[in-house]
Amino acid sequence: MCLQKLKEIFLTISKWILICVLIGFFSGSASAFFLVSLEFVTQFRIQHNWIIWFLPLGGLIIGLTYHYWGESVVKGNNLLLEEYENPQKVIPFKMAPLVLLGTLLTHLFGGSAGREGTAVQMGGAIADQFTKIFNLDNSERKILIVLGISAGFASVFGTPLAGAIFALEVLYFSKINFKSIVLSFLVAYFAYFTVEFWQVKHTHYSIPVVPEFNFTILFYTILIGILSGLAALLFSKNAHFWGSFFSKNIKFPPLRPFIGGIILAIAFAGFGHTKFSGLGIPVIVDSFSNPNPWYDFLLKILFTGFTLGAGFKGGEVTPLFFVGAALGSALSIVIPMPIALLAGLGFVAVFSGATHTPIACTFMGMELFGIQPGIFIAIACTIAYFSSGSVGIYKSQIAKGPKYKLYQKLNSNF
């Protein structure tokens with residue numbers, strides 16, 4: 001009996017390690033292909049700025065594609081969260097190619113969007129296919145969704161620790177068991193090393209000067225945490241507003257990105273706001289050494305919410321990095337802290353507030369910027385988490401944890 005039990009345990013462990021290897025490899029490879037393709041279309045757009053005028057056409061193609069072939073996966077990241085909380089049916093694999101195509105078209109023609117949503121959706125769709133292959137039940141499906149989110153996030157940003165924790169934390173550790181935690185870290189590293197294997201590089205940032213910790217620095221760190229949380233709240237509210245606005249006022253879905261594309265093309269090409277199109281990586285990198293105009297982070301919030309609300313595809317996280325880095329950079333004029341540190345703190349703190357994931361964002365900051373500014377990062381991410389309200393960028397995210405209890409108590413008192 002004991003030998004039989006050991007055999008079952010060995011087979012179970014072997015099965016899940018194999019699943020992690022497969023999900024890590026396929027999700028990592030998908031992210032590697034996506035990153036290379038994204039760089040290609042971005043460079044093409046930069047070298048041929050006139051292509052922004054075709055943004056309405058790109059929007060129409062995306063709208064028609066999802067309307068006729070992708071209605072079951074149009075919810076994107078929210079579908080993953082819903083399937084985790086209440087498993088219904090396996091996520092269609094077509095989510096992966098559709099979001100890949102939609103995101104590349106969005107960036108080719110200059111929409112303001114990110115990339116994490118694409119990688120996470122590809123990872124989730126790939127992972128969930130193993131439900132049928134290994135004949136898994138609903139509780140095991142939940143683990144697959146965690147693994148897909150972890151693999152997608154870790155591979156697209158090159159941050160395996162943050163990716164593993166993000167997959168757990170974005171679900172508020174709901175119904176998470178020890179096996180999910182171990183496997184989330186395992187698949188994150190498999191996906192990360194897969195991208196490394198394909199020799200695809202990620203953007204590097206640095207904070208060269210970190211001041212000694214004292215009460216004055218603590219005060220300013222808390223201040224930027226609060227401001228980052230408010231920026232995150234504004235970002236989330238803005239994104240939800242435009243999504244509702246287009247849904248209510250334009251009944252035929254394919255027309256939403258078409259009309260939205262016309263307005264964006266005029267704003268970007270007609271008024272010279274091309275720095276806000278695409279990911280905005282050059283602006284993010286520059287924020288670590290040069291002060292940004294105070295209004296840049298507000299315009300990025302506006303354009304990203306409008307782009308995604310209209311129905312273009314991509315993600316919110318890299319625009320959140322833009323918003324946070326630009327905000328921190330602008331504050332360097334009035335806050336006596338190194339500009340790179342301020343940009344870095346805003347970079348992760350705004351993300352923390354908008355996704356309710358302060359632990360993952362703290363680890364991400366240390367993976368990207370090093371251990372030395374870790375205490376500043378942890379404080380800023382925690383303060384942003386608490387000061388960003390109860391609304392996040394993911395509508396289907398279940399609100400739990402200390403922040404939920406805090407705002408529930410505040411609402412009951414007023």
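Reader: What makes a set of residues a nonpolar core, and which members of the largest one touch the most others?

Author: A nonpolar core is a set of buried Ala, Val, Leu, Ile, Met, Phe, Trp, Tyr and Cys residues joined through side-chain atoms within 4.5 Å. Buried means under 20% relative accessible area, exposed over 50%, and partly exposed in between, with a 1.4 Å probe and protein chains only. The largest nonpolar core has 124 residues, of which I23, L147, I284, F288, F347, F351 and F369 touch the most other members. Helix α15 (residues 339-355) supplies the largest share of this core, 11 residues. Helices (H or I, at least four residues) and strands (E, at least two) are DSSP runs, numbered from the N terminus.

Reader: On what kind of model do these values rest, and how are residues numbered?

Author: The model is predicted, so local features need pLDDT of at least 70 and side-chain atom pairs count only at pLDDT 80 or more, while totals for chains, interfaces and linings use all residues. Residues are numbered from 1 along each chain as its sequence is written, and side-chain values use heavy atoms, with hydrogens and water left out.

Reader: With which residues is I23 in contact, leaving aside its neighbours within four places in sequence?

Author: Contact means heavy atoms within 4.5 Å. Apart from those neighbours, I23 is in contact with G28, A127, F130, L144, L147, A151 and V187.

Reader: How do the axes of α1 and α5 lie to each other?

Author: Axes are lines fitted to C-alpha atoms, for helices over the stretch in contact, and angles run from 0 to 180 degrees between N-to-C directions. The axes of α1 (residues 2-47) and α5 (residues 116-128) come within 9 Å and cross at roughly 150°. The crossing of α1 and α5 is right-handed; a crossing has this name if the near helix is turned clockwise from the far one by less than a right angle, and is left-handed if anticlockwise. On α1 the contact is made by I23, F26, S27, A30, S31 and F34, and on α5 by T118, A119, M122, G123, I126 and A127.

Reader: How many residues of each class does the contact of α1 with α5 have?

Author: Ala, Val, Leu, Ile, Met, Phe, Trp, Tyr, Cys and Pro count as nonpolar, Asp, Glu, Lys and Arg as charged, and the others, Gly among them, as polar. By this rule the contact of α1 with α5 has 8 nonpolar, 4 polar and no charged residues.

Reader: How do α1 and α7 pack, and how is their contact divided by class?

Author: The helices α1 and α7 pack at an angle of about 40°, with their axes 9 Å apart. Their crossing is right-handed. Among the residues that make the contact are I23 of α1 and L147 of α7. The residues of this contact divide into 11 nonpolar, 5 polar and 2 charged.

Reader: What is the angle between α5 and α7?

Author: The axes of α5 and α7 come within 7 Å and cross at roughly 145°. This crossing is right-handed.

Reader: Why is α13 said to be largely enclosed?

Author: Of the 15 residues of α13, 12 are buried, so the helix is largely enclosed by the rest of the structure. The buried residues of α13 include F297, I301 and F303, and the buried residues pack against α4 (95-108), α10, α11 (255-270) and α14 (317-331).

Reader: How does the span of α13 compare with the one expected?

Author: The expected span is 1.5 Å times one less than the number of residues. Helix α13 (residues 296-310) reaches 21 Å from its first C-alpha to its last, close to the 21 Å expected. Just after α13, G311 takes a positive phi of about 115°.

Reader: Are I62, L227 and N135 buried, partly exposed or exposed?

Author: I62, in helix α2 (residues 55-69), has 2% relative accessibility and therefore counts as buried. I62 touches G311, among others. L227 lies in helix α10 and, at 28%, counts as partly exposed. N135 has 68% relative accessibility, so it counts as exposed.

Reader: What is noted about the phi of N135, and where is this residue found?

Author: The phi of N135 is near 55°, a positive value in a residue other than glycine. N135 is found in the loop between α6 (130-133) and α7 (138-157).
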